[in-house]
Amino acid sequence: MKRVLRVVLFSFLLLTLAMNGFSTEEEWLAKARKLNEEKKYTEALQVIDEGLKELGKSEKLTSLKYFTLLDLERYDDAMTLLDEEIKKDGETDDLLESKVYVYFKQKKFQQALEIILKREAAKALPAWGCIDTMDIYLNLGNTEKAFEWLNKAFDRGFISYPALYEDEYKCLPKDARFEEIIQKIKTKVGVGKPAKDFTLELLNGEKCTLSAQKGKVVLVDFWATWCGPCRSEIPNLKQYYTEFQNKGFEIIGISLDTKKESLDDYIAKEKLSWKITASLKGWKDETAKLYGVNSIPSYWLIDKKGLLRHFGLRQEKLKEAIAQLVAE
């Protein structure tokens, strides 16, 4: 289940918090997130409950509570929380998707399927929702239906084919239909063809044109500071940039953030030195739409001739591909 976004000294400090409280939602969130990052999930949950008590209502804190309950594997409590939110807000896509995930974690695949097909009947699922449905059918042992939904995912814009090689989908490559779909996706993405060109204004005011980078190996990185998986990959990107920059390697980070102040603060804190741009339009960013990006981080590795050579690689596989391309 790929669409669930993860939010990755309970002593005197927490007692002080309970007495004095935080004045803003962001302060409560920051404290709870820090405890979550330290894997102090029980303490984080107490902070969240204190924040909800003081603020009265907070969608962000409620969402964080849901993910924290998942970290604690308190699935029944997570489902109760979702049912309470449904009573207040109705059966929104986000809430139903979250219920599907909880059922999935509990291995209640038939219940998960009933909800997801109900969503499909009301409104066609997005690409990643189709992948979730494929995943459920695989767990139910229905390969025919799994491939039917994989094709639907492709028709609805799914392009992140490297994810299909992960262990949880290990039965897929054994089927002759799998490589046919992979080749269709690669053709759609443009692997082996000139990368789609763009000209963007960087945060420092300079213009950056992708085609002008010929002679360098370029990693185009669609990311955001609010994206946990994106943040977890930042140390790796720093390492690759340090190791390969003097060998003709460049990174162009296209942020899907909508708040420049938060982006600037993160860049300064992490000391990111590569090219970064942000339209501040989030998922409506024109370059993201040009590339068909529907999940992040999204990595597009372009060779010295301007050809897209790899898409969606992570960690060691990405590092190996960069090393190979800079050596050509």
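**Lys 271 and beyond**

Tutor: Lys 271 is exposed, because its relative accessible area is 71% and the threshold for exposed is over 50%. Keep in mind that this is a predicted model. Lys 271 sits in the loop between α12 (260-270) and β5 (275-278). Its phi is near 55°, a positive value, and Lys 271 is not a glycine. Most residues other than glycine have a negative phi.

Now turn to Glu 73. Glu 73 also has a positive phi, about 60°, without being a glycine. Find Glu 73 in the loop between α4 (59-71) and α5 (75-89). Glu 73 counts as exposed, because its relative accessibility is 57%.

Next comes another kind of backbone feature. Most peptide bonds are trans. The bond between Ile 296 and Pro 297 is cis, with omega at about 0°. Pro 297 lies in the loop between α13 (286-291) and β6 (298-302). Now see what touches Pro 297. One partner is Glu 233. Leaving aside residues up to four places away in sequence, Glu 233 also touches Tyr 299, Arg 314 and Gln 315. Glu 233 belongs to helix α11 (residues 228-244). Glu 233 has a relative accessible area of 3%, so it is buried.

Cys 230 pairs with Cys 227 in a disulfide, with the sulfur atoms 2.5 Å apart. The torsion about the S-S bond is about 80°, which means the disulfide is right-handed. Both ends are out of solvent. Cys 227 is buried, because its relative accessibility is 1%. Cys 230 is buried too, at 2% relative accessible area.

What about Cys 130? Cys 130 is in no disulfide. The nearest cysteine sulfur belongs to Cys 171 and is 17 Å away. Cys 130 is buried, because its relative accessibility is 0%. Cys 208 has its closest cysteine sulfur in Cys 230, at 19 Å, so the distance is too far for a bond. Cys 208 is buried as well, with a relative accessible area of 3%. Across the whole structure, the search finds one disulfide.

Last, go to the helix pair α2 (residues 25-37) and α3 (residues 41-55). Their axes come within 8 Å and cross at roughly 170°. The two helices are therefore roughly antiparallel. From α2, the contact uses Glu 25, Trp 28, Lys 31, Ala 32, Leu 35 and Asn 36. From α3, the contributors include Tyr 41, Ala 44, Val 47, Ile 48 and Leu 55. Gly 51 is one of the α3 residues in this contact, and Glu 43, Glu 50 and Glu 54 are also among them. By class, the contact has eight nonpolar, two polar and five charged residues.

A word on confidence. The protein averages a pLDDT of 89, and 93% of the residues score at least 70. Residues 3-22 have pLDDT below 50. That stretch has 36 contacts in the model beyond near neighbours in sequence.

Notes:
Residues are numbered from 1 along each chain as its sequence is written. This is a predicted model: local features need pLDDT of at least 70, side-chain atom pairs count only at pLDDT 80 or more; totals for chains, interfaces and linings use all residues. Side-chain values use heavy atoms; hydrogens and water are left out. pLDDT is the predictor's confidence in each residue, from 0 to 100. Contact means heavy atoms within 4.5 Å. Axes are lines fitted to C-alpha atoms, for helices over the stretch in contact, and angles run from 0 to 180 degrees between N-to-C directions. Helices (H or I, at least four residues) and strands (E, at least two) are DSSP runs, numbered from the N terminus. Angles under 35 degrees count as roughly parallel, over 145 as roughly antiparallel, 65 to 115 as roughly perpendicular and the rest as oblique. Ala, Val, Leu, Ile, Met, Phe, Trp, Tyr, Cys and Pro count as nonpolar, Asp, Glu, Lys and Arg as charged, and the others, Gly among them, as polar. A disulfide is a pair of cysteine sulfur atoms within 2.5 Å. Buried means under 20% relative accessible area, exposed over 50%, partly exposed in between (1.4 Å probe, protein chains only).
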